[in-house]
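Open the model in your viewer and keep the selection panel at hand.

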Amino acid sequence: MNLQLMLPLLVAAGTALAVLVVDLITQPRWRWPLGAGLLGAVLTAVTAAFTEPRQIGTFCAGLAAPGSDAIMPVDCALVFDSRARLVAVLVALLTVGALLLYVPALRRGDAPAGETVFLFACAMTGGVALASAGDLITLIVALETLTIPLYALVALHRRRAGEAAAAAVTFFANSVAATAVTLLGAALLYLASGTVQLRGLVSAPLFATGQWRPVALTGLALILVGLGFKVAAAPLHAWAPATYEGAPVPVAAFLSTASKLGGVVAILIVVDGVLATGAAGDDRSMFITAGITLAVLAALSMLIGTLVALRQRRTVRLLAWSSIAQAGFILAPLGGLTGLALAGQADGLLDAALAYTVFFLVLELAAFSAVVALRPEEPDGGSLADLRGLGRTAPWRAAALTFALVGLAGLPPMLAGLFAKITVIQALLRVDSYRLALLVALVSVIGLAVYWRPVAALYRAADVSGADPAGGTAARVAWAPAVALGLATAAGLLLTVAPQLLYSVVTAWR
């Protein structure tokens, strides 16, 4: 067991324990557990960033080669490679952002500080473990460790007890069904391949001869469908709008960023194992099964998410449907697996999916941070009508929201979103997936109308003739949401002027 490679995970888990102890000692002061959580999340990010990645991990075991007693290369339950380092840093930083956004609610007593911060720390621990997953058991357990605390976080808000409880039940019921599908797929794949190691997927076509081959392919498809729930990909998206709208806005931000990142990483890990089937010769059934499954999820997500978002009048619901569409853009490069001739050509597809994910996370966090900053005293995100006039009364916060929305639309001057979409289209064209590339381009154009509506509302004159005479005015923002908004916007600006920094980090994981 290599404790050095487990150090980020140990720091994340230690953060959760530290928050419990600090809360027990310092009750009812909310600042102490919050400070412990923020410090632990920052330490987790720093530890992950400075831990040297390696291909050999910990909790390793040999795998017997088919038909002999020889031992194949060592497989490990946890592998802290460059991909794991990047994802661990992102999860920790997203936790910091969510905690900062939650500060106004904690100050008002809308939620118990100790329990809230502890649940965020537990979710962070699951995300860090997921980043290093080397087998299906570790992957599923880590993903559930990331997800389960979110059930309580969605419901843990005193001012919105009714809506939050309904949202939590919706989230829980759908999540249980998705987990069952994922577990069924893992069981079928284990039955066909004889191993839960992700490197063992290379042997699945060899083991799954004759009657076992359909079992392996069905298992793979079920795993990908179940994981599609975690990224809110259509038609597994029904929980997202209701859950985001009913949850506290900081929790909705965490669901839309860290939770989605967990689902994307889980899919990438499984797909990376599928790509090893190139060693099995001319058999491409695993490629085709994974590619068709992900292409269908991507196409439905882009179309349904974009078209339904056009009709939304609530700000958070619009961002929820937008995130469904963005999940389609993330999965689109992986749909290009059907066009692969060689496994080596897939590097660009996985890199494009991961790069788009990072672009999206930065812009989505900036958008939710701006919503919280514009409505610091309100427990929800309000409607688009509530945004009217804020471009004049809160110009900097409105500009930050505009900046994020323009980036999600893929328009200048926020070039980060444009670079992300170009990366996806280029990756698809390289493997001759012209139809999917065309769909990405068309949906991107339609999506411009989605983000134009809130931007137009910001700079439209406020209607003060209604029942709310304070319409168009913004309350003074607290320091914590302002810091989260400033950091997310600064990260978006950095990716706009120097996107090559992200591309160099993403391609390094291979």
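**Stop one: two helices**

This is a predicted model. Select helix α15 (residues 395–409) and helix α17 (residues 434–458): their axes come within 9 Å and cross at roughly 170°. Angles over 145 degrees count as roughly antiparallel. The two helices, α15 and α17, are therefore roughly antiparallel to each other.

Now show the side chains at the contact. From α15, pick A398, L401, T402, L405, L408 and A409. From α17, pick S444, L448, Y451, P454, V455 and L458. Colour the contact of α15 with α17 by residue class: ten are nonpolar, two are polar and none is charged.

**Stop two: salt bridges**

How many salt bridges does the structure hold? There are five. Three of these are visited here.

Go to K230 and E144. Their closest N and O atoms are 3.3 Å apart, in a salt bridge. K230 sits in helix α8 (residues 213–230) and E144 in helix α5 (residues 136–155), so the pair ties together parts that are 86 residues apart in sequence. Both K230 and E144 are buried.

Next, select R83 and D81. This salt bridge has its closest N and O atoms 3.8 Å apart. R83 is buried, and D81 is buried too.

Move on to R375 and D386. Their side chains meet in a salt bridge, 3.6 Å from N to O. Both R375 and D386 lie in the loop between α13 (347–374) and α14 (390–393), eleven residues apart.

**Stop three: aromatic rings**

The count of aromatic pairs comes to ten. Start with F120 and F254. Their ring centres are 5.3 Å apart and their planes stand at 80°, so the pair is edge-to-face. F120 belongs to helix α4 (residues 113–131) and F254 to helix α10 (residues 249–275), 134 residues apart. Both F120 and F254 are buried.

Then select F171 and F229. This aromatic pair is stacked, at 6.4 Å centre to centre with 15° between the planes. F171 is in helix α6 (residues 161–193) and F229 in helix α8, 58 residues apart. F171 counts as buried at 1% relative accessibility. F229 is buried as well, with a relative accessible area of 3%.

Finish by widening the selection. Y151, F171, F172, F229, W239 and Y244 form one aromatic cluster.

How values were computed:
Residues are numbered from 1 along each chain as its sequence is written. This is a predicted model: local features need pLDDT of at least 70, side-chain atom pairs count only at pLDDT 80 or more; totals for chains, interfaces and linings use all residues. Side-chain values use heavy atoms; hydrogens and water are left out. Axes are lines fitted to C-alpha atoms, for helices over the stretch in contact, and angles run from 0 to 180 degrees between N-to-C directions. Helices (H or I, at least four residues) and strands (E, at least two) are DSSP runs, numbered from the N terminus. Angles under 35 degrees count as roughly parallel, over 145 as roughly antiparallel, 65 to 115 as roughly perpendicular and the rest as oblique. Contact means heavy atoms within 4.5 Å. Ala, Val, Leu, Ile, Met, Phe, Trp, Tyr, Cys and Pro count as nonpolar, Asp, Glu, Lys and Arg as charged, and the others, Gly among them, as polar. A salt bridge is a side-chain nitrogen of Lys or Arg within 4 Å of a carboxyl oxygen of Asp or Glu. Buried means under 20% relative accessible area, exposed over 50%, partly exposed in between (1.4 Å probe, protein chains only). Rings of Phe, Tyr and Trp (its six-membered ring) pair if their centres lie within 6.5 Å; planes under 30 degrees apart count as stacked, over 60 as edge-to-face and the rest as tilted.
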